[in-house]
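Reader: I am new to this structure and would like to learn how to read it. Could you take me through some features, giving the general idea and then the case here?

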Amino acid sequence: EKIRVGMVGIGNRGLFGAKRLLQIPGVEITAAADISTPQFGSLKAAFKQFGQEYRVKEYSTPEGYRALAEDPNVDVVYICGPWQLHDAMAIAGVKAGKHTFVECPGLFTLDGCWEVVELAEKNRVNCMPLENCCYGEIEMLMLNLVREGMFGELVHAEGAYIHDLRQSQLGRRWPNLWNYWRQKWNRLHKGNHYAAHGLGPISRALGINRGDQYKYMVSLESDAFNVRAYAAAKNRAWNRPDLGPDDWRRQLHMAMGDMNTTLIKTEKGRSILLQHDVVTPRPYTRGNVLTGTKGVMMDYPFRVGFEEEPGKGLHSFWPPTADKVRKE
C-alpha cells in the first residue's frame, strides 16, 4: 500500500528530491543517510512544511548507505550522494534487492555499470538513472513526434550541457556548497562529466539500445581559459568579491577544458554532436536538435518544421510553447 523510500544524500539535490516525494500519495520516506548531521534538520523541516510526521531512520556514518540499503523498511533506494560514490551506493542498493534510483550523472565506471546490471538481473530489480532532462515538455514532444514518424528516417542529433556556473563555483556564498563539488571534479578530470542532460533525450529519440547502438566516438576539448580569467576579473556582482593575488581561486588549474566536443556514430549510420561547457559566458542550452528526411526540430529557441515531399520546402512553426505545435 505504501512505497517506502530511503534517501541517500540529503544535501541540495537530495532535499529537493525529498520535498517532491513528500507530495506524492502512497510514498513514504522511511530512512535517510548523510554524514552531515545538520542535513537531517533540513529534512525534518521539510516534513513539517508538508504537514507530515517525521519517522525517519537516520544513518549518519560514512557506511550508512549500506545499512540503509539493508533496512527492511526500505523498498526503494534513492541516491543523491557524491559522484564518486554513485557506483558503490548503487551496487549496495541492487545487491540488497532494492529498486535503486541514481541522480545525475549516474554511474562512473564500466566495472560499476556491469556489476549493477548483473546484480539487478539476478535480484530482479530495477536500477534507473534519474535524468530529468529526458522528461521535459520539449524532449517528450520530440520523442512522440519520432514515434508518429513525423521526421521520417532519422539522420542527425545534437545535445549539450552549456551552463555558465562560474559564479557558483567561485563566489563568496558557495565556497563549500552547491557547485563546489563540480569545481573539484573539474580540477582533477578532463572530458565531458555531465553527458546525460544532452545525450539522454536524443538517445531515447534515436532508439539507442532499442534498435540502434553507439558504434564509435571521437572527442576533443579546448584548453582551460575562463575560470582563471573570471577569478582575476573585478566583479562585485552576486556577492563575488574582487579576489586578491593570493586567493586560492586565483591559483586554480582546471584539468577540464572549457569546451568538450564529442562526435558519435551509430550502427544505423546516424551522427550525434555532443558538447559540454560550464565556464564560458554563453546562454544556457541543452541543444535538443533532431533532423530526419522529413523534418527538423531545434530547441533554445524552439523551432520545428516538416516537409511533405523531398524538395517541397518546410512547413515551419515558431511558437512560444509546444502546445501550439500540438494543435497544428
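## Reading a side chain and its partners

Author: Let's start with E139, which counts as buried because its relative accessibility is 4%. One thing to keep in mind as we go is that this is a predicted model.

Reader: How should I read that percentage, and is R286 buried or exposed?

Author: The general idea is a cut-off: under 20% relative accessible area means buried, and over 50% means exposed. R286 has 12% relative accessibility, so R286 counts as buried.

Reader: You put E139 and R286 side by side. What do their side chains form?

Author: Here is the general idea: side chains of opposite charge can pair when their charged atoms come close. In this structure, E139 and R286 make a salt bridge, and their closest N and O atoms are 2.7 Å apart. E139 sits in helix 6 (residues 137–147), while R286 belongs to the loop between strand 10 (271–277) and strand 11 (289–292), so this pair ties together parts that are 147 residues apart in sequence.

Reader: How many salt bridges does a search of the whole structure find?

Author: The search finds ten. Another one of them links E58 with K44, where the closest N and O atoms are 3.9 Å apart. E58 is part of strand 3 (residues 57–59) and K44 is part of helix 2 (residues 38–49), so the bridge ties together parts that are 14 residues apart in sequence.

Reader: What do the accessibilities of E58 and K44 tell me?

Author: Values between the two cut-offs are called partly exposed. E58 is partly exposed because its relative accessibility is 32%, and K44 is partly exposed because its relative accessible area is 41%.

Reader: Which side chain meets K190 in a salt bridge?

Author: K190 pairs with E221, at 3.2 Å from N to O. K190 lies in the loop between helix 8 (180–188) and helix 9, and E221 lies in strand 8, so the pair ties together parts 31 residues apart in sequence. With 56% relative accessibility, K190 counts as exposed.

Reader: Which residues are linked in a network of salt bridges?

Author: Look for E153, D212 and R270, which are linked in such a network.

Reader: Let's move to the surface. Which residues gather in a patch of negative charge?

Author: The idea is to look for neighbouring side chains of one kind. The negative patch on the surface brings together D111, E115, E118 and E121. D111 belongs to helix 5 (residues 110–123), and D111 counts as exposed because its relative accessibility is 65%.

Reader: And which residues form a nonpolar patch on the surface?

Author: L110, W114 and V117 do, with about 350 Å² of accessible area together. L110 is also found in helix 5, and at 66% relative accessibility L110 counts as exposed.

Reader: Now for the backbone. Where is the cis peptide bond that involves P105?

Author: To read this feature, check the omega angle of the bond. The cis bond joins C104 and P105, with omega at about 5 degrees. P105 is in the loop between strand 5 (99–103) and helix 5. A cis peptide bond also joins Y300 and P301, where omega is about 0 degrees. P301 is placed in the loop between strand 12 (295–298) and strand 13 (303–306).

Reader: What is the phi of R124?

Author: R124 has phi near 60 degrees, a positive value in a residue other than glycine. R124 lies in the loop between helix 5 and strand 6 (127–130). N209 is not a glycine either, and its phi is positive at about 65 degrees. You will find N209 in the loop between helix 9 (196–206) and strand 8 (214–221). R124 is exposed because its relative accessible area is 74%, and N209 is exposed because its value is 62%.

Technical notes:
Residues numbered from 1 in each chain as written. Predicted model: local features only at pLDDT ≥ 70, side-chain atom pairs only at ≥ 80, totals over all residues. Heavy atoms only, no water. Patch = residues over 30% accessible without salt bridge, like charges linked within 9 Å, V, L, I, M, F, W, Y side chains within 5 Å. Areas by Shrake-Rupley, 256 points an atom, 1.4 Å probe, with all protein chains shown as cover. Salt bridge = Lys/Arg side-chain N within 4 Å of Asp/Glu carboxyl O. Lys, Arg positive; Asp, Glu negative; His and termini not counted. Charge placed at Lys NZ, Arg CZ, Asp CG, Glu CD. Helix = DSSP H or I, 4+ residues; strand = E, 2+ residues; numbered from the N terminus. Buried < 20%, exposed > 50% of the residue type's maximum accessible area, 1.4 Å probe, protein only.
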